Amino acid sequence: MVDDGRTTEESRDRGPRAAWAGLPWLVRSAVLWSACLVVVAAGLYLLGRIAVLLAPLAIAVAATLFLTAMLDPVQRLLRRLRLPGSLAALLTVVLLIGALVGVGALVWNLTAEQFDKLSAELIRGVQETRNFVTRTLPVTDQQLDRLIEQARQAAGGGGGLDPVSGARTAAEVLGSALLALVLLFFLLKDGRSMWRWVLDRMTGPNRTVAAEAGRNGWHTLGAYSRGTLMIAAIDAIGIGLALVLLGVPLAFPLALIVFFGAFIPIIGATVTGAMAVLVALAANGPVTALLVLAAVIAVQQIEGNLLEPLIMKRQVNLHPVVILVAVTAGTLIAGIAGAFVAVPITAVLWRVVDTVQQHRAAPSSGASA
């Protein structure tokens, strides 16, 4: 009986544990890391799906955090002028609304009559590009139409216009905007006290780590929001000036489109720059289109290699590959809104994780010293 017990125990030792111990360390590490990546990816996917289901609320919260980080210096300046917190927050929101209404009215007065012409020029540019492709490549019109339709369906644009769906979308956008303004007021007014309330619920070293991680993440979001605004303005001015000098029509509407597109890193500037090239091709021919393309590339290179590191001051230190992956993932999950918020979320998470890792590494480095 003892021998049978020993035999049973030995057979257990030769079971899964022995098999796991017998694997090479590289295989075991790969299995563990793969399991962790699967869990993290599943969690992120679940959060993304929840955000899509609660799209109006998620967009309102994301816009509120973005605007709060951007307008926080204005609110602090008003507080230095001895204004109460409620009045300073209210004036900041009023200034934002006034700026948006004023800019919107100015843009509408200057460009309302030109957007129809812009649409016609874009259609002409697409048609000329299509003719060039069918003349120079072994592709027929039917094959090109099939490819365009497949791309449109993959992007979710295969359906027709539904008045009910359009009205619902407009109501959701209006509701999200109003909710964002209300949340913006309360975050500007009570955001710091809310954060202190959260920190007061923590004890020990976790409180210090959470305080520093939150502070660094908030600084990163503020640097990203204000830096993106400045970079978008510089892109619009640079490309718009090139369009004016080259005599391309509709320079102001195109510069406006570039400004809004620049809020989506890399992809937005590429798509809006391509639109400017198409208009130049339709209006002034291939030579001007090539010059516009050269101007767009030059502005983007100056922005990416000189202005962005100078403006962001390494607060948003993400590799272009990470930015592309984040923008693509955000677009697949939540469309344009997802592409807009993907990079700031990634930058803040990276900064928070980096701060936590530095705190964990500090005691071990101190002990080794």
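The model is predicted: local features need pLDDT of at least 70, side-chain atom pairs count only at pLDDT 80 or more, and totals for chains, interfaces and linings use all residues. Residues are numbered from 1 along each chain as its sequence is written, and side-chain values use heavy atoms, with hydrogens and water left out. The secondary structure of the protein chain consists of 13 helices and zero strands, where helices (H or I, at least four residues) and strands (E, at least two) are DSSP runs numbered from the N terminus.

**Overall features**

- Read from the N terminus, the elements run α-α-α-α-α-α-α-α-α-α-α-α-α.
- Of the 369 residues in the protein chain, 28% count as buried; buried means under 20% relative accessible area, exposed over 50%, and partly exposed in between, with a 1.4 Å probe and protein chains only.
- Among contacts between residues at least 6 apart in sequence, 72% join residues at least 24 apart; a contact means heavy atoms within 4.5 Å.

**Packing of α9 with α10**

- Helix α9 (residues 205-245) and helix α10 (residues 251-261) have axes that come within 8 Å and cross at roughly 155°. Axes are lines fitted to C-alpha atoms, for helices over the stretch in contact, and angles run from 0 to 180 degrees between N-to-C directions.
- This makes α9 roughly antiparallel to α10; angles under 35 degrees count as roughly parallel, over 145 as roughly antiparallel, 65 to 115 as roughly perpendicular, and the rest as oblique.
- The crossing of α9 and α10 is right-handed. A crossing is right-handed if the near helix is turned clockwise from the far one by less than a right angle, and left-handed if anticlockwise.
- On the α9 side the contact is made by L229, A232, A233, D235, A236, I239, G240, L243 and V244, and on the α10 side by A251, L254, A255, V258 and F259.
- By class, the contact of α9 with α10 has twelve nonpolar, one polar and one charged residues. Ala, Val, Leu, Ile, Met, Phe, Trp, Tyr, Cys and Pro count as nonpolar, Asp, Glu, Lys and Arg as charged, and the others, Gly among them, as polar.

**Packing of α10 with α11**

- The axes of α10 and helix α11 (residues 267-284) are 8 Å apart, and the two helices pack at an angle of about 165°.
- Residues L254, I257, V258 and G261 of α10 meet G268, A269, T272, M275, A276 and V279 of α11.
- This contact of α10 with α11 has seven nonpolar, three polar and no charged residues.

**Packing of α4 with α9**

- The axes of α4 and α9 come within 8 Å and cross at roughly 85°, and α4 and α9 are therefore roughly perpendicular to each other.
- The contact involves L65, F66, T68, A69, M70, D72 and P73 of α4, together with W218, L221, G222, Y224, S225, R226 and L229 of α9.
- By class, the contact of α4 with α9 has nine nonpolar, three polar and two charged residues.

**Aromatic residues**

- There are six aromatic pairs, counted where rings of Phe, Tyr and Trp (its six-membered ring) have centres within 6.5 Å; planes under 30 degrees apart count as stacked, over 60 as edge-to-face, and the rest as tilted.
- The rings of F259 and F260 have centres 5.4 Å apart and planes at 75°, so this pair is edge-to-face.
- One aromatic cluster is formed by F66, Y224, F259, F260, F263 and F340.
- F260 is exposed, with a relative accessible area of 53%.

**Individual residues**

- N216 lies in helix α9 and counts as buried at 14% relative accessibility. Leaving aside neighbours within four places in sequence, N216 is in contact with R351 and T355.
- S176 is placed in helix α8 (residues 163-200) and is buried, with a relative accessible area of 9%. Apart from neighbours within four places in sequence, S176 is in contact with P56 and A60.
- R28 belongs to helix α3 (residues 25-53) and is partly exposed, with a relative accessible area of 27%. Beyond neighbours within four places in sequence, R28 is in contact with W20, A21 and L23.
- R82 lies in the loop between α4 (55-80) and α5 (85-111) and counts as exposed at 77% relative accessibility. R82 has a positive phi of about 70° although it is not a glycine; most residues other than glycine have a negative phi.
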